[in-house]
Amino acid sequence: MAPRQVPTVRQRRFGSELRRLREAVGMTAPVAAERLGADRTMISNIEAGRFGISEERLRRLASIYECDDPALVDALAAMTGGRSKGWWDEYRGKIPPDFLDVAELEHHATSLRTLQTVHIPGMFQTEDHARALFDLYIPALPRLEVELRVAHRLARHDVVAREPGIPYVATIHETALRMQIGGRKTAKAQLSHLLEESERPNVRMLVIPFDAGGFPMAEGSMIYASASNPQLDTVEVDSPVGAIFFDSPTHLANFRRRMDCVEEVALNPKKSRDLTLSIAATL
């Protein structure tokens, strides 16, 4: 099997969990490969996301690593198999790989919690709003890439629109609601669309008002993607150089606490809608 040139975040996530299981029993990669009956470099390649693995071999590895958590093993087994492609793969090589990793992360999540301090969540952006955002890039993006990024962003909406849509908690700072990206008309249409999306039974919109003061993660944005097993959760944080992904138990626990704190200072869904309506009325 040829190695993957650029493993996706899901492939790397699978590998990192296997590495944790191996390290928990104090076993080296070469020893694990020998016990599996594989090439001595295979384990390292799997843990880096460069090689896939069959469900049978995954379960053998779990036994070698003395993993006594059947739910975790089943969740890992669901991540094995062939190289099936998702809708985002049609954009591979055309837009940044971070965009594809986020789409893949959202697609496989069982629930999502997000925080946005200066932007509307990508999942709920209108076409005009998204295009206006990408037009702000310096240096300017080629027109074709702008349109590809817009199309990709709109396609991510399927996660909440499909049946059944996954539970989604969108926490948004008032700043993002008042920022007129693309001008007054585009901003008003964006808020109207956001209000419509907040009426979905699987969506909770929470707004942090200006008078809430400071709060954790006030300087950025993040996605907390829950998996079928909590040990396989993943966090994505935006940065000036692209998306950064976290999956260690310590990081996951810290980000859960931060999101709990953020949601506590936000308005409840009804008051959040009322504030959004009042801002839209001024546009």
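Okay, let's start with two helices: H4, residues 55-64, and H5, residues 70-77, have axes that come within 9 Å and cross at roughly 150°. That makes H4 roughly antiparallel to H5, where angles over 145 degrees count as roughly antiparallel, under 35 as roughly parallel, 65 to 115 as roughly perpendicular and the rest as oblique.

Before I go on: this is a predicted model, so local features need pLDDT of at least 70 and side-chain atom pairs count only at pLDDT 80 or more, while totals for chains, interfaces and linings use all residues. Numbering runs from 1 along each chain as its sequence is written, and side-chain values use heavy atoms, with hydrogens and water left out.

On terms, helices (H or I, at least four residues) and strands (E, at least two) are DSSP runs numbered from the N terminus. Axes are lines fitted to C-alpha atoms, for helices over the stretch in contact, with angles from 0 to 180 degrees between N-to-C directions.

On the H4 side the contact (heavy atoms within 4.5 Å) uses Glu55, Leu58, Arg59 and Ala62, and H5 brings Val73, Asp74, Leu76 and Ala77.

Next, H11 (residues 184-197) packs on H13 (residues 269-281) at about 160°, axes 9 Å apart. So H11 is roughly antiparallel to H13 too, but H11 passes H13 in a left-handed crossing. Lys188, Leu191 and Leu195 of H11 are in that contact, with H13 residues including Arg273, Thr276 and Leu277.

Now the rings. Phe, Tyr and Trp (its six-membered ring) pair if their centres lie within 6.5 Å; planes under 30 degrees apart are stacked, over 60 edge-to-face, the rest tilted. That gives six aromatic pairs. One of them is Trp87 with Trp88, edge-to-face at 5.8 Å centre to centre and 80° between the planes. Trp88 is buried at 4% relative accessible area, while Trp87 is partly exposed at 26%; buried is under 20%, exposed over 50%, partly exposed in between, with a 1.4 Å probe and protein chains only. Trp87, Trp88 and Tyr91 form one aromatic cluster.

What about Phe124 and Tyr168? Their centres are 5.1 Å apart and their planes at 65°, so that pair is edge-to-face. Phe124 sits in the loop between strand S1 (111-116) and helix H7 (127-134), and Tyr168 in strand S2 (residues 168-173), so the pair ties together parts 44 residues apart in sequence. Phe124 is buried at 1%, and Tyr168 is buried at 3%.

Technical notes: A crossing is left-handed if the near helix is turned anticlockwise from the far one by less than a right angle, and right-handed if clockwise.
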